[in-house]
Amino acid sequence: MAYIIIFIGAFLRVLPHAANFAPLGAIALFGGTYLNKKLAIVVPIAAMIISDFFIGFDSLESRLSVYGSLALIAGIGMLVRRRKNIITVIGGAVGSSITFFLITNCVLFYAPTMYAHNLSGQIASYVNGLPFLRPTLLSDLLYTAVFFGSYELIQAWAKRRAAYVKNY
């Protein structure tokens, strides 16, 4: 079930969508919460690489920062797994968005020609990235609710169904 949800998330990234409104943070958070440790990191990054194959790859620095961010977000999911409840899941989604924003914009600062390599250049990188933070945050919250909610509802239905079958 978890793999199906991750596949759906990768598929949604390939479909046309608003800038930075994609399910990747939620995929990594979900994977970190529900998959074993190795797969929690590998599966979301593999989904990203596969969708990048169809969308197109950009610079190596950018891709590595995105893939690294996804690995860290999967780590956030592993922390959520320890005490999974609505607060930790929402906190994980918000933390995922902020992690992604901080890492990817820091890498842009180090790109050869984009920003001056000083404090004002780093600040400019983050300020110029702010318009992308809102759709990232909104998509992480929405897709996290959809993925986690769907999974938990299906699990609850399956348990009730199994109990019903067992009793009859």
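**Close-up views of a predicted helical model**

**View 1. Phe147 in helix α6.** Phe147 lies in helix α6, which covers residues 119-167; helices (H or I, at least four residues) and strands (E, at least two) are DSSP runs numbered from the N terminus. The model is predicted, so that local features need pLDDT of at least 70 and side-chain atom pairs count only at pLDDT 80 or more, while totals for chains, interfaces and linings use all residues. Residues are numbered from 1 along each chain as its sequence is written, and side-chain values use heavy atoms, with hydrogens and water left out. Phe147 counts as buried because its relative accessibility is 3%; buried means under 20% relative accessible area, exposed over 50% and partly exposed in between (1.4 Å probe, protein chains only). Between Phe147 and Phe30 the C-alpha to C-alpha distance is 7.1 Å, although 117 residues separate them in sequence.

**View 2. Helix α3 and its ends.** Helix α3 comprises 19 residues, 37-55, and spans 28 Å from its first C-alpha to its last, close to the expected 27 Å at 1.5 Å a residue; the expected span is 1.5 Å times one less than the number of residues. At the start of α3, the backbone nitrogen of Lys38 has a side-chain oxygen of Asn36 within 3.2 Å. Just after α3, Gly56 adopts a positive phi of about 120°. The buried residues of α3 are Ala40, Val43, Pro44, Ile45, Ala47, Met48, Ser51 and Asp52.

**View 3. Packing of α2 against α3.** Helix α2 (residues 24-34) packs on α3 at an angle of about 155°, and their axes are 8 Å apart. Axes are lines fitted to C-alpha atoms, for helices over the stretch in contact, and angles run from 0 to 180 degrees between N-to-C directions. The two helices, α2 and α3, are therefore roughly antiparallel, a term for angles over 145 degrees, as against under 35 for roughly parallel, 65 to 115 for roughly perpendicular and the rest for oblique. From α2, Leu24, Ile27, Ala28, Gly31 and Gly32 meet Ala40, Pro44 and Met48 of α3; contact means heavy atoms within 4.5 Å.

**View 4. The whole chain for orientation.** The protein chain has six helices and zero strands. Its C-alpha atoms fill a box of roughly 70 × 35 × 30 Å along the principal axes. Of its 168 residues, 39% count as buried. Among contacts with a separation of 6 or more, 70% join residues 24 or more positions apart.

Notes
Polar contact = N/O pair within 3.5 Å; in protein donor to acceptor, adjacent residues only side chain to side chain.
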